[in-house]
Amino acid sequence: MVKNRNGLALFMALVLALCGIMTCAQAEETDLNTLTPLVDLTASAAMRVGESPEIISADGTLSETFIHNFFLIGQKADASLGITADMLTDTSKQGTYLKNTFSCSLPSLDGILSTGENYDYIGVCIMDADLSADGKSVRLIGNLYQANGRLDQLTEDEYAEVRWLDKRAVMDFVKDSAAPLGWKVSSFSVDAELDMEETTLTYFNETMVEYINTNLGFAIQYPAVFTDDTLTESQDGISAKLADGTASFFAKKTSNSSSWTLEKVIDARKQQDPDADTLINEISGCGRVVTQQDGRTVVDIYIVTTQWVYQAQLSYANSLAMDFSLYSDYMMNSFSADELGIG
């Protein structure tokens, strides 16, 4: 057995607060959490401009559709943003607010008719924050999601319904005392940066531990919050459980004595629980089943061959969903068996 703990993996998952904005310590303390309402509102307005999200740059011009969305959605946004109902019809107030919030140019402004439409909340789960040395600019990179509200304000049941949009946002801010939150948006883009892949890989490399069992012929990465003192190794694999029982993990290899196929395993689990969320990745040969059991989320991942069934499971209390929900995709992608010749 080989374990590979990368960099600051020890408890980094919780320290980084997976879906909260990270605070960057410099000579001057800066709490970037205050930017969350503006980050989410900008993303929500940008994602609704058409087939392609709005691209905002310091030398560009905001589109009329983005502005329309920004003020309409802003009517129900966090009060800290200071967006008021009269901004819909008062173009002078619109212009003042936009100039204090965005570094780019503005088009001709028009009154906005309130439709009363309810918009699903779109936000950004920040994975990286890069504050400049002088503390006057910051770049945020994170995953886009759709939900009933802001991630850190959702109930456990609501969090279980979060829809990850499989897109990443990049936002740049500059300090400006005139801005409502003290920072002005200088750019916004979706999946437009070359370092997106690198940022994601770096994050998970620091928050996951690789387990390789050469005797059993499989490997997987699991959350680093399961430290060495929580691990137990047996003849069929590895398991771990947090001291307070809120989360557990195992990966094991058992005989395929019933001649299961991956499809049969997934179908059987679906019959047991019709509400289960199932997925088969034809490329990697992995299957995943996500179920809700007594206030816990249970994620089972399978690889099935003629002779063996490889199974990994991550179970956690729904109160920890913010810390664990993104790990299941990465675990599934990292799960590999020598027999399949992948991974």
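Look at S234, which stands opposite G237 in strand 9. That spot belongs to a predicted model, where local features need pLDDT of at least 70, side-chain atom pairs count only at pLDDT 80 or more, and totals for chains, interfaces and linings use all residues. Residues are numbered from 1 along each chain as its sequence is written, and side-chain values use heavy atoms, with hydrogens and water left out.

Back to the strands. A hairpin takes you from strand 8 to strand 9 through two residues. Strand 8 and strand 9 (residues 237-241) pair in the antiparallel sense, over four bridges. To count as paired, two strands need at least two bridges found by DSSP. Strands here are DSSP runs (E, at least two residues) and helices are too (H or I, at least four residues), with numbering from the N terminus.

In what order do the seven strands of the open sheet come? The order is 8-9-10-14-13-12-11, with antiparallel pairing. At the edges sit strand 8 (231-234) and strand 11 (277-281), each pairing on one side only. From one strand to the next, the twist averages 15 degrees. Angles like this run from 0 to 180 degrees between N-to-C directions, and the axes are lines fitted to C-alpha atoms, for helices over the stretch in contact.

Further along the sheet, strand 12 (residues 286-293) and strand 13 (residues 296-304) are antiparallel partners over eight bridges. Find C286 and you'll see that its bridge partner in strand 13 is I303. Lying across strands 10, 11, 12, 13 and 14 is helix 9 (residues 327-334), which runs at about 150 degrees to strand 12.

The largest pocket holds about 610 Å³. Among its 26 lining residues, the closest to its centre are A160, D277, V290, Q292 and T297. Helix 5 (156-160), strand 4 (163-175), strand 12, strand 13 and helix 9 each give two or more residues to the lining. A pocket is an open set of points on a 1 Å grid over the protein atoms alone, where a 1.4 Å probe fits, with protein on both sides within 12 Å along at least five of seven lines; lining residues have an atom within 4 Å of a point. Its volume is the space filled by probe spheres set on the points, which are joined across faces, edges and corners.

Finally, take in the whole protein chain: there are nine helices and 15 strands. Of its 343 residues, 50% count as buried, meaning under 20% relative accessible area with a 1.4 Å probe, protein chains only.

Definitions and conventions. Contact = heavy atoms within 4.5 Å.
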